[in-house]
Amino acid sequence: MNKVMLIGRLVVKPELRYTNSNIANTRFTIAVDRPYSKDDGQKGVDFINVVAWTKSAENICNYLDKGSQIAIEGRIQTGNYTDQNGNKRTSFEIMAQNVQFLGRKDNSANIETNNVENDNSTSDEDVFSQFGEQVNIDDNFLEDDFLE
């Protein structure tokens, strides 16, 4: 079994690329805290390379930035190559199969909800406006794609 689950923060803003066949992809690195502290009390961090394809790659590049928190479920893929000095090297990266956006890079950007105890009024504010362009979903999309 080859299964990996990680939660980390993006090290840099990912860049969207396309193959010659016009398939979207991105390679990015996430910083994942180690579960223990060093002798000086600071937690260690692992920097893990991740690859995402198609719609996942597009969404990651369109909606996440440096510091955004992300959960990745996928598999490890290894490879071999020869570096510039002729040394044989082994690399590994995570091939993302399921991606979830967990939070913004700063906690102050959390979505605020109306507190029923303090305010019974309704708000016309679009709480999803900070996430980018509008997404329209047809009410019958489940019937068309999944229920046939």
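This is a predicted model: local features need pLDDT of at least 70, side-chain atom pairs count only at pLDDT 80 or more; totals for chains, interfaces and linings use all residues.

Reader: Is Thr26 buried or exposed?

Author: The cut-off for buried is under 20% relative accessible area. Thr26 has 0% relative accessibility, so it counts as buried. It sits in strand β3, which covers residues 24-37.

Reader: And what does Thr26 touch, beyond residues up to four places away in sequence?

Author: For contacts, check for heavy atoms within 4.5 Å. Thr26 touches Pro14 and Glu15, then Val50, Val51 and Ala52, and also Ala57 and Cys61.

Reader: How far apart are Phe28 and Ile48, in sequence and in space?

Author: They're 20 residues apart in sequence, and their C-alpha atoms are 8.4 Å apart. For the protein as a whole, take contacts between residues at least 6 apart in sequence: 56% of them join residues at least 24 apart.

Reader: Now the helix. Which residues of α1 are buried?

Author: With a helix, ask where the buried residues point. In α1, residues 54-63, the buried ones are Ala57, Ile60 and Cys61. Viewed down the axis of α1, they fall within an arc of 90°, so they line one face of the helix. Lys55 and Asn62, on the other side of α1, are exposed.

Reader: What covers those buried residues of α1?

Author: The cover includes strands β3, β4, β5 and β6.

Reader: How do I read strand pairing? Take β5 and β6: do they run parallel or antiparallel?

Author: Read the direction, then count the bridges. Strands β5 (residues 69-82) and β6 run antiparallel, joined by 14 bridges. Within that pair, Ile70 has Phe101 in β6 as its bridge partner, and Gln69 has Gly103. The hairpin has five residues between the strands, and Gly86 takes a positive phi near 85° there.

Reader: What else pairs with these two strands?

Author: On β5, strand β1 (residues 4-10) pairs in the antiparallel sense over six bridges. Gly8 has Ile70 as its bridge partner in that pair. On β6 (residues 88-103), strand β4 (residues 43-53) is joined by two bridges, and these two run parallel. Val50 stands opposite Ile94 in β6.

Reader: Can you zoom out? In what order do the elements run from the N terminus?

Author: The order is β-β-β-β-α-β-β-α, with two helices and six strands in the protein. Of its 148 residues, 22% count as buried. The protein exposes about 11,700 Å², and carbon and sulfur atoms supply 44% of that area.

Definitions and conventions:
Residues are numbered from 1 along each chain as its sequence is written. Side-chain values use heavy atoms; hydrogens and water are left out. Helices (H or I, at least four residues) and strands (E, at least two) are DSSP runs, numbered from the N terminus. Buried means under 20% relative accessible area, exposed over 50%, partly exposed in between (1.4 Å probe, protein chains only). Accessible areas come from the Shrake-Rupley method with a 1.4 Å probe; for residues, only the protein chains shown count as cover. Two strands pair if DSSP finds at least two bridges between them. The arc is that of the directions from the helix axis to the C-beta atoms.
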